[in-house]
Amino acid sequence: MNGFFNILKPAGMSSAAVVAVMRRLTGEKRTGHAGTLDPEAAGVLPIMTGKATRLFDYLVDKEKEYEAVCAFGSSTDTQDATGKVLETGERYPDPETVREKAQELTGTIRQKPSAFSAIKVGGRPLYSLARRGETVDVPERTVTVKSIEVTGEEPDHGYALRVCCGKGTYIRTLCDDLGKRCGCPAHMRSLYRTRSGVFTAETGITLDEARILAAEGKLTEKMLPPDYPLGHLTKLNIPARFARQVAAGSKIPADFAGEEYGTAENLRVYLNGEFWGIMRREGNLFVWKVQIAPE
């Protein structure tokens, strides 16, 4: 199996555990996830399998979308509902204040995530150090938040948020920061990722659905092709006369392409309408970066 599965991860399960399940169901050792989702979060988790794992470095998570509940009244060391309470308060903000302060957290902003995040320092995730009681200096990072929409009120002083953001944004940190700006401690009560790049919740399947399909021998019906998330790369059609060179993984003369393809550009390559991998122009040649022969 060479392609992607759009899995809807359940809350309380790690991304690595989802990969383990899909590895068993597909029978393919080369299986991984294309973007971690914290254990307490649920939603879209793209899984790559087979030769598609070679494409990881060429995937671009242009945007991600989340539905979260920000709960006012307490902040925690993990910035979510699983952590130890650090501070409490009862100056609960009204909806207008929440909307106003949420807008202050959009654009290019600086974030300082919880010490219990998966950010790696010295090759080790911060949460592994924090859980051992080690003092961790969490580095600030620059992230992009395109929009935060307050979609409604929830029980126990909660507000439902819809967030569209760039890679590396911590929604639980947004909730913690929102509480600080509103003057009332807050944490993230729940999180559901509705989109990761081109993968959306509407086209995803649950692990239970994947298990049923695998038992029926129909799992491949839900597998997305290897080039599915590569639409951001320029398409290069190789003339049929180069079929032998393509099959052999050889370099291809670039004369047929003119000057329209830049030397710093990764290209998704097709021969006779079939996806073959990724090439880059080097001088007057197209050189393979990743080759994935069609089935």
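How many positive and negative side chains does the chain have, and how far apart do the centres of the two sets lie? I found 40 positive and 38 negative side chains, with the two centres 8 Å apart. Lys and Arg count as positive, Asp and Glu as negative; His and the chain ends are not counted. I took the place of a charge as NZ of Lys, CZ of Arg, CG of Asp or CD of Glu.

I noted that this is a predicted model: local features need pLDDT of at least 70, side-chain atom pairs count only at pLDDT 80 or more, and totals for chains, interfaces and linings use all residues. Residues are numbered from 1 along each chain as its sequence is written, and side-chain values use heavy atoms, with hydrogens and water left out.

Next I looked up salt bridges (a side-chain nitrogen of Lys or Arg within 4 Å of a carboxyl oxygen of Asp or Glu). The count is 12. One of them joins Glu-65 and Arg-195, with the closest N and O atoms 3.1 Å apart. Glu-65 lies in strand β4 and Arg-195 in strand β12, so the pair ties together parts 130 residues apart in sequence. Strands are DSSP runs of E, at least two residues, numbered from the N terminus.

Then I checked burial: buried means under 20% relative accessible area, exposed over 50%, partly exposed in between (1.4 Å probe, protein chains only). Arg-195 is buried at 17%. Glu-65 is partly exposed at 25%. I also saw that Glu-63, Glu-65, Lys-146 and Arg-195 are linked in a network of salt bridges.

Key. Helix = DSSP H or I, 4+ residues; strand = E, 2+ residues; numbered from the N terminus.
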